[in-house]
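Please consult the sequence and the structure shown here while reading.

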Amino acid sequence: MSMLMAEELLFFLPPALVALFFYVYLTKWRRKRLNLPPGGTGWPFVGDTFAYLKPHPATTVGRFMEQHIARHGKIYRSNLFGEPTIVSADAGLNRFILQNEGKLFECSYPSSIGGILGKWSMLVQVGEMHREMRMISLNFMSNLRLRSHLLPEVERHTLLVLRSWRESSTFSAQEEAKKFTFNLMAKNIMSMNPREPETEKLRLEYITFMKGVVSAPLNFPGTAYWRALKSRSNILRVIEQKMEERIQEMTSETEERSEDLLGWALKQSNLSKEQILDLLLSLLFAGHETSSMALALAIFFLEGCPKAVRQLRIEHREIARKRKQRGDAGLNWEDYRRMEFTQCVINETLRLGNVVRFVHRKVLKDVEYQGYNIPCGWKILPVFAAVHLDPSIYDDPHGFNPWRWQQSNNAAAVANSFMPYGGGPRLCAGSELAKLEMAVFLHHLVLSYTWELAEADQAFAFPFVEFRRGLPIRVHALHDT
Ligand code: HEM
């Protein structure tokens, strides 16, 4: 038997080697003929992945990116995540990539993300299924629902967090921001109430889960990925139980429950149970990590910019005065629309903090851009952070300057380059909710407290953005408001 195998091997090996030789030769020959963007391939197998992902301050692009842009320009080639990759720090190319989603390029996240978020997750789905899930999410966060339902909910959850802070106490602002956004999403997705043991248990489970989303997909006991997969099962069990309860209750549904996404998806969509589970899980993920980090970054940047806090306080005192005159207990949509300087603070926070630094795409067809060939099958990364910190677009790009959004001299260039929520057919489905959350939270924060850093801290891109020490702050209540 083994003799036979050896003979077979001898028979097949030479043609296989010849085929391999031609494959390598043809690939090289094709590459030589193509005008690929400048760059290199880095180390065997891993390429430049580790250098690219090396943690760096969130308000910078990191040394790897800086050096590569200086050496090769804003579009360069590399080898990242095990694939030949084009990296783009070019505003025009980034926009072109996102707007041609499904035609020339397609969303393509590493297998670790798909494994953890699930094969039906909206972030990894493409085509028809993505469109259906996107429609459900957009309906759920429609303008009408934002005004009528989500605004009061956001305010209620803001006050729950802010009223739990004790005078002169020190705590992690990042943790508080995460609690706020998680509880808001859990309530609106599945009608889970803050502070209840099952909500708190789910939140803690989610922290382990999150660590796996960004870890290497090594599935054996003890790894972050393995633990995250376990957390995924535990989280799904909770969501599944909620779903079963809901199906039972469908006939005698209360008014409040019919407002949540779970009820909506069960009633209005043709999705299977498995698909709804992954949809809810990924919305919990997309809607919680990003906006909480944006909020923590705003608290951090504002602490270093007392002039902006003073201006915010003036804006929000005026809004509070008008609300009082009306005799309203809470904010209404007109109040929110008046938060103009607040929107500048939010924009500047997203520009400088870059919560989502880049997105993953693959090339579906050979593309030519600015004379460069971008080959089909390659990975391509539009890096928003590099554009947002580009000195040729933003003056003093590393400084926190919310006023730049009031009087921009190069308004058109800025408008075309500012993409914190991505763009095209996959533009963030929760961008309006995220802005609302931040604005309402900042409203009550500046009216109720002053704050200072209890310990020096800095946000780092790991590449997910996080404060090393959790952003410890000390607060003092303002009694005059
Ligand atoms: C400041 C906060 C936020 C930032 C910076 C942000 C950023 C982004 C970005 C850049 C994308 C595009 C990903 C890609 O193209 O591959 C995205 C997608 C998405 N975001 Fe957000 N996001 C934020 C808040 C939220 C919130 C509060 C929700 C609410 C649930 C949400 C839900 C989603 C969903 C569902 C998608 C997928 C859209 C699709 O594929 O069609 N995001 N977000």
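Two strands pair if DSSP finds at least two bridges between them. Helices (H or I, at least four residues) and strands (E, at least two) are DSSP runs, numbered from the N terminus. The model is predicted: local features need pLDDT of at least 70, side-chain atom pairs count only at pLDDT 80 or more, and totals for chains, interfaces and linings use all residues. Residues are numbered from 1 along each chain as its sequence is written.

An open sheet contains five strands in the order E2-E3-E9-E6-E4, and its pairing is mixed. Strand E2 (75–80) and strand E4 (105–107) each have a single partner strand and stand at the edges, so one side of each lacks a neighbour in the sheet. On average, neighbouring strands of this sheet are turned by 35 degrees against each other, direction ignored. Strand E3 (residues 83–88) and strand E9 (residues 379–382) run parallel and are joined by four bridges; Ile86 stands opposite Ile380 in E9.

Helix H4 (residues 91–99) lies across E2, E3, E4, strand E6 (361–363) and E9, at about 120 degrees to E9. Axes are lines fitted to C-alpha atoms, for helices over the stretch in contact, and angles run from 0 to 180 degrees between N-to-C directions. Two residues are in contact if their C-beta atoms, placed from the backbone, lie within 7 Å.

**Packing of H13 on H16**

H13 packs with helix H16 (residues 340–353) at an angle of about 100 degrees, the axes being 9 Å apart. The two helices, H13 and H16, are therefore roughly perpendicular, a term covering angles of 65 to 115 degrees (under 35 is roughly parallel, over 145 roughly antiparallel, the rest oblique). From H13, Ala294, Leu297, Ala298 and Phe301 meet Val345, Ile346, Thr349, Leu350, Leu352 and Gly353 of H16. This contact of H13 with H16 comprises eight nonpolar, two polar and no charged residues. Ala, Val, Leu, Ile, Met, Phe, Trp, Tyr, Cys and Pro count as nonpolar, Asp, Glu, Lys and Arg as charged, and the others, Gly among them, as polar.

**The ligand shell**

The ligand is surrounded by 24 residues, of which Gly287, Thr290, Gly422, Cys428 and Gly430 are the closest; a residue is near a molecule if its C-beta atom, placed from the backbone, lies within 6 Å of it. The shell around the ligand divides into 16 nonpolar, six polar and two charged residues.

Helix H6 (127–140), helix H12 (273–286), helix H13 (289–303) and helix H19 (431–448) each supply at least two residues of this shell. H13 gives the most, with three residues.
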